[in-house]
Amino acid sequence: MGHSLEGVTKNMVKSGEAFAPSMELPCEVFVNRILPTARTEVSKILVYDYGMTQRMVARLYGVTPSAVSQYIRGVRGFTGFEVPDGLSQECMVAYRQVADMIAGGMPVDQAFCSFCEFCRSSGVISSIMGPNAPDEDIGCIFGDRPRGCGLSAAGLSGPNAMVF
């Protein structure tokens, strides 16, 4: 017999008890809301500025060339993420830095990890989380990342990568 929390939640709402509206972690905010847009922007830079083919970018990302085509055309990767006021130029510079790292041979997961660090330290993630943001940067939940960002474990790169 399964258990349901539906009644508990309804009772909490009826009684006026407060509970957090979101339990989303900063890493989830990055992966679900920011990373798809970043992949789109970095894909465009790699193709248009570095002259990489969509097939080359796809191989680096661990996705199909069709997915990269969709990133570039804006069909895939748009999550409604809007850069917070005052950080637009900084985000564009950060996208460029990620593309530079990838074009220079850095593994994709490590390059996007640096972008995640930027998003945490610049307040991008906190601005998205609003009142649910941690009081301070909690750092990376994957620790020292001896083999690159732990996002690779979540399927950011490689032949079995998840498509964000």
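**Exercise 1. The contact of α2 with α6**

Which residues in α2 meet which residues in α6?

*Solution.* The model is a predicted one, in which local features need pLDDT of at least 70 and side-chain atom pairs count only at pLDDT 80 or more, while totals for chains, interfaces and linings use all residues. Residues are numbered from 1 along each chain as its sequence is written, and side-chain values use heavy atoms, with hydrogens and water left out.

Step 1. A contact requires heavy atoms within 4.5 Å. On the α2 side the residues are F30, I34, L35, A38, R39 and V42, and they meet F112, F115, C116 and C119 in α6.

Step 2. Sort these residues by class: Ala, Val, Leu, Ile, Met, Phe, Trp, Tyr, Cys and Pro count as nonpolar, Asp, Glu, Lys and Arg as charged, and the others, Gly among them, as polar. The contact of α2 with α6 then has nine nonpolar, no polar and one charged residues.

Step 3. Consider the spacing along a helix. An α-helix has 3.6 residues a turn, so residues three or four places apart point the same way.

Step 4. Turn to the geometry, for which axes are lines fitted to C-alpha atoms, for helices over the stretch in contact, and angles run from 0 to 180 degrees between N-to-C directions. The axes of α2 and α6 (residues 108-122) come within 11 Å and cross at roughly 120 degrees. This makes α2 oblique to α6; angles under 35 degrees count as roughly parallel, over 145 as roughly antiparallel, 65 to 115 as roughly perpendicular and the rest as oblique.

Step 5. The crossing of α2 and α6 is right-handed. A crossing has this hand if the near helix is turned clockwise from the far one by less than a right angle, and is left-handed if anticlockwise.

**Exercise 2. The course of α2**

Describe the form and the covering of helix α2.

*Solution.* Step 1. Helices (H or I, at least four residues) and strands (E, at least two) are DSSP runs, numbered from the N terminus. The protein comes to seven helices and zero strands.

Step 1. Helix α2 covers residues 26-49 and bends by about 50 degrees at I34. The bend is the angle between axes fitted to the seven residues ending at a residue and the seven starting there.

Step 2. Buried means under 20% relative accessible area, exposed over 50%, and partly exposed in between (1.4 Å probe, protein chains only). In α2, 17 of the 24 residues are buried, whereas 38% of the 164 residues of the protein count as buried.

Step 3. Just after α2, G51 takes a positive phi of about 70 degrees.

**Exercise 3. The packing of α3**

How do α2 and α4 pack with α3?

*Solution.* Step 1. Helix α3 (residues 54-61) packs with α2 at an angle of about 135 degrees, and the axes are 10 Å apart. Thus α2 is oblique to α3, and α2 passes α3 in a right-handed crossing.

Step 1. From α2, the residues R39, V42, S43, L46 and V47 meet Q54, V57 and Y61 of α3. This contact has five nonpolar, two polar and one charged residues.

Step 2. The axes of α3 and α4 come within 8 Å and cross at roughly 105 degrees, and these two helices are therefore roughly perpendicular to each other.

Step 3. In α3, Q54, R55, V57, A58 and Y61 meet P65, V68, S69, Y71 and I72 in α4. The division here is seven nonpolar, two polar and one charged.

Step 4. The buried residues of α4 are A67, V68, S69, Y71 and I72, and what covers them includes α2 and α3.
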